[in-house]
Amino acid sequence: MQDALVRRLSSPVPRYTSYPTAPHFNEGIGPEVYAEGLARLGKANCLSLYAHIPYCDRLCWFCACHTKQTLRYEPVESYLKGLHAEIAAVGRRVSREAPVTALHVGGGSPTLLRPDDMVALKRSLEQGFAFSPDAEISVEMDPNDLDEARHDALAEVGMTRASLGIQDFDPKVQKAINRIQTFEQTRGVVEAARQRGVRSVNCDILYGLPYQTMETLAETVRAVISLHPDRIALFGYAHVPWMKKHQTMIDEAALPGVVARFGQMAMAAGMLVAAGYEAVGIDHFALPADRLAVAARNGTLRRNFQGYTDDQADALIGLGASAIGQLPEGYFQNMPATGDYLRRVEEGGVAVVRGYALTDEDRARAFVIERVMCDFGFSFADLAARHPSFAAAIRGEACGFAASDRDGLCRIEGGRFMLTAAGRPFARTVAATFDAHLSSGRGRHSIAV
């Protein structure tokens with residue numbers, strides 16, 4: 001019965017790091033609309049920044065990020081000049097009364113930057129925006145890039161959270177995804193970060209990889225647990241070679257089927273909980289004292305383009321090629337192609353090419369979807385308090401949706417729409433189906449991102 005349910009509910013659905021999701025962005029939202037939105041930010045707002053570095057010195061075949069491989073540093077230097085220009089242009093449009101409470105630097109591989117360029121990037125951001133003294137600063141790290149000088153530079157920029165992609169430690173799996181990274185390398189990076197005062201370490205594990213078995217994945221999970229990271233993300237590999245051509249390098253015959261993937265996920269999640277980690281949402285785990293676990297317990301967990309977060313900022317500014325931001329008015333995305341991004345920045349300072357203007361109805365639906373993804377349900381009273389114009393209609397849809405659920409994945413109880421224990425592993429699918437129910441056939445759920 002469980003295997004049949006897994007097979008039936010395994011079709012691609014959105015990650016819901018935004019609502020509506022990125023395929024619904026349109027080119028009617030451009031630089032002028034973006035500039036107006038930036039100018040409205042002030043002391044009533046808190047800002048979160050995302051800076052994108054779209055380069056790697058090796059291309060991992062599993063990766064679905066906006067990045068490219070380079071063996072030369074000159075393209076990175078040219079890109080950084082454009083990024084500094086965008087930071088200055090956007091910063092001029094934002095009031096310094098709006099404090100930055102979080103910065104995430106992602107990619108690509110931000111740690112391929114030379115140490116002086118890491119420091120210069122942070123200095124540029126501080127010149128453009130007003131950072132809170134206690135701002136969280138997280139950086140995605142590739143252990144193969146790191147040396148003592150880069151560790152020192154990351155300490156100088158004030159990194160508070162180190163985020164390490166591990167994926168899997170099994171040599172056969174690593175060779176199949178072109179991601180060679182030893183446990184000893186990874187442990188050295190964790191130790192170096194902590195020696196420099198980094199108070200939070202996140203590790204990413206992937207399941208569903210080629211040649212991965214229950215036994216090899218269990219070995220990886222045990223090795224990761226031995227590093228005592230504060231947070232662990234357990235992601236399923238998304239095989240989308242029609243979108244990312246380098247994934248054609250992966251042997252599809254070596255990939256586990258949907259039932260095997262589900263088994264890997266359930267086993268790894270069980271091991272993490274048994275080791276003292278608390279489950280956070282659908283794919284994160286955190287030690288009880290970690291801010292992510294605290295947010296999950298007290299109902300303040302959020303979901304944005306980096307996934308689950310405790311970041312409560314009401315505006316996210318995306319910087320760099322392909323970066324997506326969210327202002328109170330809606331979503332804004334920069335030009336993904338690096339060359340075109342640099343030309344746009346040179347011509348006008350900003351590179352936004354598309355986005356989405358949120359309606360009040362979108363915001364009501366977004367509240368529902370985010371709470372389902374974060375809390376596995378939502379309160380009708382909370383919905384009514386935040387979105388009174390749409391509360392009755394959404395409540396009626398939720399009750400009808402739950403009544404039609406023959407798989408026992410959700411129910412209405414105590415004034416709440418709730419996923420059952422059986423439904424929680426399928427939260428994304430339930431959210432997508434409910435999204436379609438709310439959208440009356442508009443099909444916002446139909447494209448996986």
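The largest cavity of this predicted model has a volume of about 140 Å³, where a cavity is a set of points, on a 1 Å grid over the protein atoms alone, at which a 1.4 Å probe fits but cannot get out, and a volume is the space filled by probe spheres set on the points, which are joined across faces, edges and corners. A search of the whole structure finds one cavity of 30 Å³ or more. Its lining, made of residues with an atom within 4 Å of a point, comprises 13 residues, and Val105, Met118, Leu121, Val139 and Val157 lie nearest the centre. Strand 4 (99-107), helix 4 (115-128) and strand 5 (130-141) each give two or more residues, with the largest share, four residues, coming from helix 4; helices (H or I, at least four residues) and strands (E, at least two) are DSSP runs numbered from the N terminus.

The second largest pocket, a pocket being an open set with protein on both sides within 12 Å along at least five of seven lines, has a volume of about 850 Å³. Of its 38 lining residues, Arg302, Gln326, Ala366, Phe367 and Glu370 are the closest to the centre. Helix 12 gives the most to this lining, with eight residues.

In the table, Ala, Val, Leu, Ile, Met, Phe, Trp, Tyr, Cys and Pro count as nonpolar, Asp, Glu, Lys and Arg as charged, and the others, Gly among them, as polar.

| Lining | Residues by class |
|---|---|
| Largest cavity | 11 nonpolar, one polar, one charged |
| Second largest pocket | 15 nonpolar, 12 polar, 11 charged |

Residues are numbered from 1 along each chain as its sequence is written, and side-chain values use heavy atoms, with hydrogens and water left out. In this predicted model local features need pLDDT of at least 70 and side-chain atom pairs count only at pLDDT 80 or more, whereas totals for chains, interfaces and linings use all residues.
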